[in-house]
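Please read its points alongside the model.

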Amino acid sequence: MPRNQLGKRRKPMESSGIVPGDNAASNMDANNGFTFTEVNSAKASSMKVISCRFSADGKWLATAGHDKKALLWYADGLKPKSTFEGHTSLITDVCFSPSMPYLATSSFDKTIRVWDAGNPRSSLHIFRGHSTCVMSVDFHPNRDDLICSCDGGGDIRYWSIANSDCAAVFKGGSAHIRFQPRLGKYLAAAEDYAVSVLDVETQACLHLLQGHVKPIHFLCWDPSGKYIASVSKDAIRIWTIGSGGNGECIHELSSDNGHIFHSCVFHPVNSSLLIIGCEQSLELWNMTTNKSTTLPAHGGLVASLAVSTATRLVASASHDKFVKLWV
């Protein structure tokens, strides 16, 4: 199947209100003006890097992975600032508080740690309670006190930073979790072949997004909080969520020739573009035209992607031990 014919065309994606910039085109043909360029690269570890996230203002980037450490970088120039050590096993996920100078990490050691980003000497909080490896962690976008985590056994836990305890426990996520941006009304949680969209206040499952035939291992929301992208090894699906959304899959991209999908992020400027992390490459998929382009990127699997809407930078973290910035 030709590269520009991948997947199944559903219907055009509704605009999320993001205004394309000068270098964002209606398709991803470089001859038509779209560019996506590496601007910085740094070795982030002596082992595999599997997670990266920007701070809310885009000034900081955090990376973490198999070496059990989290690194804080100046996003401008990609220079290292601090190292956070304390976990006894690999770190699976990292995230920033939206308004406080806090960094959270989850680990195979069954704990979540919250750190003062300005003081890496020791963690502020260590949350224990998961009975197996913690796979993902996320801060609520507008409630400084609330973080959420999930483990490999399917437990989702809410944690109160103020009280240093677990506020709630329920089932539904074993691989990846992400709060809806800005509003934080919903929590998206991936477990096996489905994504649960949960009401944060009631914990009720509002939508069960099904259709993948292989386990889902990565989720991301678009900046408006209307759409969710879910990633399995062989497929990407885009779902409608939010006002008027009913959990419908509106776009699907299927891999070909053994192409492996692992991570994704919506382009910070052009809402019709999805950037997909693959084995050694990035796939740039225009969901409106249903065309994609492959861009060589790393020497290993692109395990995580992150975006800053403040600076319009995209970060990629890879098993090749490097982190890169793109614009």
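**Note on the predicted model**

1. An open sheet is built from six strands in the order E1-E26-E25-E24-E23-E22, and the pairing is antiparallel. Strands are DSSP runs (E, at least two residues) numbered from the N terminus, and two strands pair if DSSP finds at least two bridges between them. The edges are held by strand E1 (38–43) and strand E22 (261–266); each has a single partner strand, so one side of each is left without a neighbour in the sheet. On average, neighbouring strands of this sheet are turned by 40° against each other, direction ignored; the axes are lines fitted to C-alpha atoms, with angles that run from 0 to 180 degrees between N-to-C directions.

2. This is a predicted model, in which local features need pLDDT of at least 70 and side-chain atom pairs count only at pLDDT 80 or more, whereas totals for chains, interfaces and linings use all residues. Residues are numbered from 1 along each chain as its sequence is written, and side-chain values use heavy atoms, with hydrogens and water left out.

3. The largest pocket holds about 1,200 Å³ of space. A pocket is an open set of points on a 1 Å grid over the protein atoms alone, where a 1.4 Å probe fits, with protein on both sides within 12 Å along at least five of seven lines; lining residues have an atom within 4 Å of a point. The volume is the space filled by probe spheres set on the points, which are joined across faces, edges and corners.

4. Of the 48 residues that line the largest pocket, Cys52, Arg53, Asp138, Arg178 and Leu305 lie nearest its centre. Two or more lining residues come from each of strand E2 (49–54), strand E6 (91–96), strand E10 (134–139), strand E14 (176–179), strand E18 (216–221), E22 and strand E24 (291–307). E24 gives the largest share, six residues. By type, the lining has 28 nonpolar, 14 polar and six charged residues; Ala, Val, Leu, Ile, Met, Phe, Trp, Tyr, Cys and Pro count as nonpolar, Asp, Glu, Lys and Arg as charged, and the others, Gly among them, as polar.

5. Is strand E12 (155–160) enclosed or open? Six of the six residues of E12 are buried, so the strand is largely enclosed by the rest of the structure. Buried means under 20% relative accessible area, exposed over 50%, and partly exposed in between (1.4 Å probe, protein chains only). Asp155, Arg157 and Trp159 are buried on one side of E12, and Ile156, Tyr158 and Ser160 on the other.

6. E12 runs antiparallel to strand E11 (residues 146–151), joined to it by five bridges, and Cys148 stands opposite Tyr158. Three residues separate the strands of this hairpin, where Gly154 has a positive phi near 100°. With E13, E12 pairs in the antiparallel sense over six bridges; Ser160 has Asp165 as its bridge partner there.

7. The hairpin of E12 and E13 has four residues between its strands, and Ser164 in the turn has a positive phi of about 55° although it is not a glycine. Ser164 is partly exposed, at a relative accessible area of 42%.

8. Another positive phi, near 75°, belongs to Lys68, also a residue other than glycine. Lys68 lies in the loop between strand E3 (60–65) and strand E4 (69–74) and is partly exposed, with a relative accessible area of 37%.
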